[in-house]
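Thanks for coming. I will go through one model, starting with a strand and ending with a ligand.

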Amino acid sequence: MRFIDEAVVTVKAGDGGNGIVSFRREKYIPKGGPDGGDGGKGGSVYVVADDNTNTLVDYRYTRRYEAKRGENGRSKNCSGRKSDDIFLTVPIGTTIIDLDTDQVIGDLTERGQKLMVAKGGDGGLGNTHFKTSTNQAPRKATKGFEGELKQLKLELKVVADVGLIGLPNAGKSTFIRQVSSARPKVANYPFTTLVPNLGVVDVGLGRSFVMADIPGLIEGASQGAGLGIRFLKHVARTRRLLHIVDVQPIDGSDPVKNAEVILNELQKFSPELAKLPQVLILNKIDQVPEEEQNALCTHIVAQLGWTGIVFRTSTLTGAGVEDVVFHLMNEIDREKELEEQSPEFAEEQRLRFERLEAEVRANTEEQKEAYRAMRKAQREGLANEGDDGEDFDDDDFGEDGVEVVYSPY
Ligand SMILES: Nc1nc2c(ncn2[C@@H]2O[C@H](COP(=O)(O)OP(=O)(O)OP(=O)(O)O)[C@@H](O)[C@H]2O)c(=O)[nH]1
Ligand SMILES: [Mg+2]
């Protein structure tokens, strides 16, 4: 499943300029023939895929785009000037839908790919065209044609580059709030986040990546417990997982055990997903006296047998967060570069994602079954107790119909 970012815009191509009625008037040529030029063509509207942008947010602010009208024809058989076409740049992966017909008019999948979405009107004809043997001085010219007017829906399937995972209350939403303009609710109780949130992390100089915050995972998640599992598949297509661990949980639980719960659930849900490179974030470091921080962090890392990358952060104060962001951006850029340079690596990646998606899909199905069985048992149990169990609905699994909050910039 991907996240959808969309915008509706009106595009209007320029009308054609009018043809004109004019006659040659020159010294010594008393009755010059018709010389009214044609109107110029109106500008057309194109949509172009560009890899310097990854959101449609601009189109939520400016909603109408008009190309200019062609110029009218002039005397001396001069055609009017054609107007410039205009180009709307959109991220690669944008689909364009004509809202009047509900038809997809194009999918822009490659850099530089261009699609005409509203055709400029042709210019009208000047009176030169209407000269015949019987009418040497036609007083007829035609008007320019109207440029097309369309209502378009631009739709982008956003793929998150980084997924946040962790127990409820670990600070995932606080993290995404620190680094993007996503504004998921933050509160000091578990299960605050109920739907995935996406944020664009802008690191400057046109570099950015998309981060997904999903509801917290809990023990038994891979068997359907809690909420987070319903959303795990949304992070399947990311390049990196950020595993956020609270180093000083308020309930006094052991951070090592907590981290293990997540690693286990991930492994049970999808071994392929568990193989995605993970970055361990030891969060809420502000809760630990400075002189104890080293010992505690070393202890957690050692107990976990963690050999990967580790950062210490306080998502509350922002300490250490920037380092994580730059690390992720560099890793993502490096990976993308490698994909461009090495067809073998790109193919390897593609196959890996394919395997991962298949596995996640299969596990989701399996888990959906388990969830249904659990619901059924609950319902029957309740029915025996005299409750008809109407609160339960088999379809509330929310497979694809999840609401996603997308906050670019
Ligand atoms: N002291 C401290 N508190 C933090 C830090 N990060 C988050 N918190 C607090 O921890 C609580 C939970 O934070 P959230 O960001 O909502 O946690 P979450 O992981 O998104 O939780 P769920 O959405 O329930 O899965 C809030 O009260 C935050 O203010 C931190 O670095 N230090
Ligand atoms: Mg949250």
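Strand 12, residues 240-246, has 7 of its 7 residues buried, so the rest of the structure largely encloses it. Buried means that 20 or more other C-beta atoms lie within 10 Å of a residue's own; 12 or fewer is exposed, in between is partly exposed, and C-beta atoms are placed from the backbone. Strands are DSSP runs of E of at least two residues and helices runs of H or I of at least four, numbered from the N terminus.

This is a predicted model: local features need pLDDT of at least 70, side-chain atom pairs count only at pLDDT 80 or more, and totals for chains, interfaces and linings use all residues. Residues are numbered from 1 along each chain as its sequence is written, with chains lettered from A and ligands numbered from 1 in the order in which they are written.

Back to strand 12. Arg 240, Leu 242, Ile 244 and Asp 246 are buried on one side, and Leu 241, His 243 and Val 245 on the other. In a regular strand, side chains alternate between the two faces of the sheet.

What does strand 12 pair with, where pairing takes at least two DSSP bridges? Strand 9, residues 162-166, pairs with it in the parallel sense over 5 bridges, and strand 13, residues 278-283, also in the parallel sense, over 6 bridges. Ile 244 stands opposite Gly 166 and opposite Ile 281 in strand 13.

Pro 277 lies in the loop between helix 5 and strand 13. Pro 277 counts as exposed because it has 12 C-beta neighbours inside 10 Å.

Last, ligand 1. Its surroundings comprise 24 residues, each with its C-beta atom within 6 Å. Helix 2, residues 172-179, gives the most to this shell, 3 residues.

How values were computed:
Pairing = 2+ DSSP bridges.
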